[in-house]
Amino acid sequence: MSRTHSARLALIGRLSDGEFHSGEMLGDALGMSRAAISKHIKVLQSWGLDIYRVQGKGYCLSQPIELLDEAWLSDHTDVPALSVIPVIDSTNQHLMERVGQLTSGSVCLAEYQQQGRGRRGRVWQSPFGSNLYLSMYWRLEAGPAAAMGLSLVVGVAMTKALHELGAPGVKVKWPNDLYYQDKKLAGILVEMTGQTGDAAHLVIGMGLNIGMGPHVSEHIDQPWARLADACQPMPSRNVLASVLISRLQDALLDYEKTGLAGIMDDWQQLDNFKGRPVKLLMGDREVRGIERGIDEHGALLLDVDGVITPYLGGEISLRRDD
């Protein structure tokens, strides 16, 4: 890690309590000038931290933040390797670049992603410390073909974990999102390398909105929700991360044994749009109908005038039909 990043992370550590800290006190504690503190604050604001300054009082975060604790997470999860990299381009990309060196089940978390990725190349807004960015590497011996529908399995596992933690209103949206009150709460990105006949090397990433502030919303093009509004009382970010890691690991082990059959009943219960009017967007084409759940292959079932058709593919987007 560069000295500049280390200085900025030390500054965040000082501000994380949500109290006021004067520029002079911060400079003395971190061995830098007040002008340097001011420059670092501007960078931290660009990372999505909501920091404000009051004349005569200093700098303050709009709310305290709990930083991820790598040692605690390692002690409270049963994975072969776990790393917290505070500032990263993308947790998925970090693992994808190291697939040949990783043990199945290895985990990477970050506080801030400079190039967070969503489905179909979209940007995933990743402000520092207010959400959860988590990726796991998994070697699937059955090969690439067996990985079809894996995002559905991950979605169900995440949703059930959040119910367990006190957020019973969370639902799944085909094929890779979690919703709360019809707004996007989390996204899942499954990336894969591997050839037919060989094991599939999977990197399963998730981005979960926890306490993201409204100052980030200008960069997001759809309604979004926060776990802080769905879950009372809120668990700590470290507890939340450890539970999600453990439930994801369990779900992947189950998937190796039972495939999608193991989640079919859960999906029917948790599907945000089952029985509701929706529209599917496929390039320039739009199909409207009633959503009827998924089939055994993970395809979305759409009822158009009594005729039910399965839809499966990376270029399909599901939307509520308003």
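I started at Gly166, which follows helix α6 and has a positive phi, near 110 degrees. The model I am reading is predicted, so to speak of local features I need pLDDT of at least 70, and side-chain atom pairs count only at pLDDT 80 or more, while totals for chains, interfaces and linings use all residues. Residues are numbered from 1 along each chain as its sequence is written, and side-chain values use heavy atoms, with hydrogens and water left out.

**Helix α6**

I then walked back along α6, residues 150–164. Helices here are DSSP runs of H or I with at least four residues, strands are runs of E with at least two, and both are numbered from the N terminus. From first C-alpha to last, α6 reaches 21 Å, close to the 21 Å expected for its 15 residues; the expected span is 1.5 Å times one less than the number of residues. How many residues of α6 are buried? I found 12 of the 15, where buried means under 20% relative accessible area, exposed over 50%, and partly exposed in between (1.4 Å probe, protein chains only). Among them are Leu150, Val153, Gly155, Met158 and Leu162.

**Two cis peptide bonds**

Next I looked up the prolines. Trp174 and Pro175 are joined by a cis peptide bond with omega about -5 degrees, and Pro175 sits in the loop between β8 (170–173) and β9 (177–180). The bond from Gln232 to Pro233 is cis too, with omega near -10 degrees; Pro233 belongs to the loop between α7 (227–230) and α8 (237–258).

Gln181 lies between β9 and β10 (183–193), and its phi is positive, near 50 degrees, although it is not a glycine. Is Gln181 buried or exposed? It counts as exposed, at 55% relative accessibility. Asp182 is in the loop between β9 and β10 as well, with a positive phi near 65 degrees. At 23% relative accessibility, Asp182 counts as partly exposed.

**The whole protein**

Last, I stepped back and noted nine helices and 16 strands. The radius of gyration is 21 Å, close to the 20 Å that the globule rule gives for 322 residues, so the protein is as compact as a globular protein of that length. That radius is taken over C-alpha atoms, and the rule is 2.2 Å times the number of residues to the power 0.38. Of the 322 residues, 52% count as buried. Along the principal axes, the C-alpha atoms fill a box of roughly 70 × 45 × 35 Å.
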